[in-house]
Amino acid sequence: MHTLLIVDDEIPSRELIKMSLDWAALGFTRLLEARNGRDALALCARERPDLIITDIQMPVMDGLEFIREARRRDPAQRILILSCHERFAYAKEAMRLGVLDYILKDSITESSLLAAVSTALGRLSEQELRALDAHSERIQHALRSRDPAQLNAEVARLFQTDLTGARRTNQARYADQVLQGLFEQALDADGSQPDMGPDPPNGDIEALCAWHQARFSALLSAPRLIRSPRVRRAQDYLDIHFCEDVSLESLAARLQINKGYLAKVFKAELGVSVNEYIRDKRIARAKQMLRQPDARVGELVEWLGFHNPQTFYNLFKRATGMSPSEYKALADALPTFEGEEADFIDQA
């Protein structure tokens, strides 16, 4: 069960926080109070609260000084701040100190306070993140050794936890992101083309774990495409520099390879020409960027290495069946899941 510490020199403010939510329903069995930062530090040392909600302007020791010292003593301490509109500069400073969120003191509502508290409770600690990272390293080892039994076991361990509620959801989301990244890395390094199977399940953590296990099993059982060192060098260079002014000629000169030979072996091993590979990388990056809320179509052209906007327009429409602006509009209109853009726009 959780302990909450409310730090504010004004009694009405402390009472408002206590009355705004059903704290017991959220798992908080103890609500502690302090009038200033110095008293709050003493309570932190004795009681080790799970969550602190603190004002900024207080006598004896203000909120910013209290936050600095509390974070120095416990870098994982979860802290929310109360802020007034005219004191927002203080709130920004507190956010730089690692505070999770701020609550406007003049307009506290049940929903705004509940959202901030839920975010704070759902945050994983540094120790929990290190444990997940350790599991990911063992997964990489299993991939390198091509051991399917160890791989399945480590993927399962990545999802196993005693956490509950929002922290359990965040842990599963982090595990999913780690495994997605490891799979893409392995796919690039391996060169195989496994059956990708169905889309990932939504909401069911056990099903998500089984989905990742199936994908990795398919990856290990798929035939490996062995690329020659020269093609691997060419591909590695293009993966980094595809947005620059690069062509078959400049790539061959950089790698000191005959242009005709490079064109032949590149197409034979990867199934596309050098120019097609560059084009596909640029279009893929364009789609990724267009999914961002603040993306502007006009700014992408030069950044992606296209000299002519019309060329970009034609290639994008040929690849996706829609113009960049149409694609952007569709991306903005897609529903979200858990606050993240849905990743099925390419099948729209």
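Two rings of Phe, Tyr or Trp, the last represented by its six-membered ring, are taken to pair if their centres lie within 6.5 Å, and the planes count as stacked when under 30 degrees apart, as edge-to-face when over 60 and as tilted for the rest. The model is a predicted one, in which local features need pLDDT of at least 70 and side-chain atom pairs count only at pLDDT 80 or more, whereas totals for chains, interfaces and linings use all residues. Residues are numbered from 1 along each chain as its sequence is written, and side-chain values use heavy atoms, with hydrogens and water left out.

Five aromatic pairs are found in a search of the whole structure. Phe-312 counts as buried at 2% relative accessibility, and Phe-316 is buried with a relative accessible area of 0%. Ring pairs also link Phe-306 with Phe-312 and Phe-316 in a cluster.

A nonpolar core is defined as a set of buried Ala, Val, Leu, Ile, Met, Phe, Trp, Tyr and Cys residues joined through side-chain atoms within 4.5 Å. The largest such core has 23 residues, of which Ile-139, Leu-143, Leu-151, Val-155, Phe-159 and Phe-216 touch the most other members. Two or more residues of this core come from each of helix H6 (126-145), helix H7 (148-159), helix H8 (165-190) and helix H9 (205-221), with H8 giving the most, eight residues. When residues up to four places away in sequence are not counted, Phe-216 touches Leu-143, Leu-151, Val-155, Leu-179, Leu-182 and Phe-183, where contact means heavy atoms within 4.5 Å. A second, separate core of 18 residues includes Leu-41, Ile-56, Met-61 and Leu-64.

Arg-144 lies in helix H6 and counts as exposed, at 62% relative accessibility.

Methods:
Buried means under 20% relative accessible area, exposed over 50%, partly exposed in between (1.4 Å probe, protein chains only). Helices (H or I, at least four residues) and strands (E, at least two) are DSSP runs, numbered from the N terminus.
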